[in-house]
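Please read it alongside the sequence and the coordinates.

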Amino acid sequence: MSSLLVREGMLDRMAIGLSGICLVHCIATSLILALAASAGGLLFDPLVHEIGLGIAILLGALALGRGAMMHGQMLPVAIGSLGLGVMMGAMSLPHDGSESLFTIVGVALLAYGHHLNGRAAALA
């Protein structure tokens, strides 16, 4: 079954989906805080960010690592890793909008790395 997941790019699609969920989370958090500061408490819970980042790292390692072993291209791994690094760094920033901005940049880089990984796997 794991070879089926790799062959069809399922891990990359799952990781891109998680990136999309993270993007929606960041935008929703910013909007909700702008509309009602008290509602942002749940979305700003550090545990939500830590769990999400942990899942992103796990999916990134699995999908990008297996892809690199399969097709031999390191660019997707490099871009995806840069995205994860930006996301990790964003967690250390204050909640003044800069955290959301850097998280969105990191998520976009990670999703692009997964996109490149899926394309390279399709060509291999």
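1. Basis of the note. The model is predicted, with local features requiring pLDDT of at least 70 and side-chain atom pairs counted only at pLDDT 80 or more, while totals for chains, interfaces and linings use all residues. Residues are numbered from 1 along each chain as its sequence is written, and side-chain values use heavy atoms, with hydrogens and water left out.

2. Overall content. The protein chain holds six helices and zero strands, and its elements run α-α-α-α-α-α from the N terminus on. Helices (H or I, at least four residues) and strands (E, at least two) are DSSP runs numbered from the N terminus. Of the 124 residues, 36% count as buried; buried means under 20% relative accessible area, exposed over 50%, and partly exposed in between, with a 1.4 Å probe and protein chains only. Among contacts in the protein chain with a separation of 6 or more, 71% come from residues 24 or more positions apart, where contact means heavy atoms within 4.5 Å.

3. Conventions for helix pairs. Two packed helices are described by the angle between their axes and the distance between the axes. Axes are lines fitted to C-alpha atoms, for helices over the stretch in contact, and angles run from 0 to 180 degrees between N-to-C directions. Angles under 35 degrees count as roughly parallel, over 145 as roughly antiparallel, 65 to 115 as roughly perpendicular, and the rest as oblique.

4. α4 with α5. The axes of helix α4 (residues 46–71) and helix α5 (residues 75–90) cross at roughly 170° and come within 9 Å; α4 and α5 are therefore roughly antiparallel to each other. On the α4 side the contact uses Leu53, Ala56, Ile57, Leu64, Ala68 and His71, which meet Pro76, Val77, Gly80, Leu84, Met87 and Met88 in α5. By class, the residues of this contact are ten nonpolar, two polar and no charged. Here Ala, Val, Leu, Ile, Met, Phe, Trp, Tyr, Cys and Pro count as nonpolar, Asp, Glu, Lys and Arg as charged, and the others, Gly among them, as polar.

5. Met88. This residue is placed in helix α5 and counts as partly exposed, at 43% relative accessibility. Leaving aside neighbours within four places in sequence, Met88 is in contact with Leu53 and Ile57. The C-alpha atoms of Met88 and Leu53 are separated by 7.4 Å, although the two are 35 residues apart along the chain.

6. α5 with α6. The axes of α5 and α6 come within 7 Å and cross at roughly 160°, which means that α5 is roughly antiparallel to α6. The crossing of α5 past α6 is left-handed; that is, the near helix is turned anticlockwise from the far one by less than a right angle, clockwise being right-handed. The residues of the contact of α5 with α6 divide into 15 nonpolar, six polar and one charged.

7. Asp96. In the loop between α5 and α6 lies Asp96, which is exposed, with a relative accessible area of 57%. Asp96 and Ser30 are 66 residues apart along the chain, and their C-alpha atoms are separated by 9.6 Å.

8. α2 with α6. Helix α2 (residues 10–35) and helix α6 (residues 98–123) have axes that come within 9 Å and cross at roughly 165°, so α2 is roughly antiparallel to α6. The crossing of α2 and α6 is left-handed. Among the residues making the contact are Asp12, Cys22 and Cys26 of α2 and Thr103, His114 and Asn117 of α6. By class, this contact has ten nonpolar, eight polar and one charged residues.

9. Asn117. Located in helix α6, Asn117 is buried, with a relative accessible area of 1%. Which residues does Asn117 contact, leaving aside its neighbours within four places in sequence? They are Asp12, Ala63, Leu64, Gly67, Ala68, His71 and Pro76.

10. Cysteines. A search of the whole structure finds zero disulfides, a disulfide being a pair of cysteine sulfur atoms within 2.5 Å. Cys22 is in no disulfide, and its nearest cysteine sulfur is that of Cys26. Seen from Cys26, the closest cysteine sulfur, in Cys22, is 4.3 Å away, too far for a bond. Cys26 is buried, with a relative accessible area of 5%.
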